[in-house]
Amino acid sequence: MNPFKTLPTLSFLFLTFLGLAHAATFDIRNNCPYTVWAASSTGDAGDGKRLDQGQTWQITAASGTVRARIWARTKCNFDASGKGSCETGDCGGVLQCKGYGKAPNTLAEYSIDQYEHQDFIDISNIDGFNVPMEFSSNSPGCTRVIKCTADIVGQCPNELKVAGGCNGPCPVFNTEEHCCNNPGTNCGPTNFSRFFKDRCPDAYSFPKDDPTSLFTCPTGTNYKVIFCP
């Protein structure tokens, strides 16, 4: 027996162990007095689950996961095969999301085990707002708590109002002023982004809102996302 034939398997197991060692768990809870359909996605892969009031769902993100999102969908109808639609946050008409959701949706965003073994976390209203949210550490090594619980839907400017939510200015107007697509553009806050920032100062209100909206926890932290905290 050639002992070197086992090396690929051992290497795979070692790398898998490393990924699991730095994985993060996310406990997702629905405290809203209505049903939501929770969703998670990394852009090309994801999942989804119906959560009635008080129900929870746990997901795991491996070390190296980037640009991942968790959000709530509202007023959904799915058939037995998992196909249907949602009033807000719909992700291609399926229960188990593959890509990102359609605006408006309040987003918990994260990247795991990045620069200097830090996790990067935030709440974003760039794609608008549909459900109040808390995104916080569930581990003693980090005390970070991010919340966005204002009555944004009720106070939404007429230009951004949609059924069940308040859309972000970028999805509505799709202009450089609001979307900051060009890295060389000196893009700043607008009156519409200030509407969100005034009500949820810890959440992203426009794409270059990093200084007051992007937070870190040490890799190895676990998290919780609460709808209607």
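Trainee: Is Cys179 buried or exposed?

Mentor: Start with the rule: buried means under 20% relative accessible area, exposed over 50%, and partly exposed in between, with a 1.4 Å probe and protein chains only. Cys179 has 5% relative accessibility, so Cys179 counts as buried.

Trainee: What should I know about the model itself?

Mentor: This is a predicted model, where local features need pLDDT of at least 70, side-chain atom pairs count only at pLDDT 80 or more, and totals for chains, interfaces and linings use all residues. Residues are numbered from 1 along each chain as its sequence is written, and side-chain values use heavy atoms, with hydrogens and water left out.

Trainee: Which residue does a disulfide join to Cys179?

Mentor: First the idea: a disulfide is a pair of cysteine sulfur atoms within 2.5 Å. Here Cys170 is the partner of Cys179, with 2.1 Å from S to S. The link of Cys170 and Cys179 is right-handed, with 110° about the S-S bond. Cys170 has a relative accessible area of 18%, so Cys170 is buried.

Trainee: How many disulfides does the rule count?

Mentor: The count is eight. One of them joins Cys142 to Cys217, again with 2.1 Å from S to S. The torsion there is -60°, and the link of Cys142 and Cys217 is left-handed. Cys142 sits in the loop between β9 (133-137) and β10 (145-148), and Cys217 in strand β13 (residues 215-218), so this pair ties together parts that are 75 residues apart in sequence. Cys142 and Cys217 are both buried.

Trainee: Why is the disulfide of Cys156 and Cys166 right-handed?

Mentor: Look at the torsion about the S-S bond. For Cys156 and Cys166 it is about 75°, so the disulfide is right-handed. This pair ties together parts 10 residues apart in sequence, because Cys156 lies in the loop between α2 (152-155) and β11 (161-162) and Cys166 in strand β12 (residues 165-166). Cys156 is buried at 4% relative accessibility. Cys166 is buried at 0%.

Trainee: How many helices and strands are in the chain?

Mentor: Both are DSSP runs, numbered from the N terminus: helices are H or I with at least four residues, strands E with at least two. This chain has six helices and 14 strands.

Trainee: What share of the contacts joins residues 24 or more positions apart?

Mentor: Contact means heavy atoms within 4.5 Å. Of the contacts with a separation of 6 or more, 63% are between residues 24 or more positions apart.

Trainee: What share of the chain is buried?

Mentor: Buried residues make up 46% of the 229 residues.
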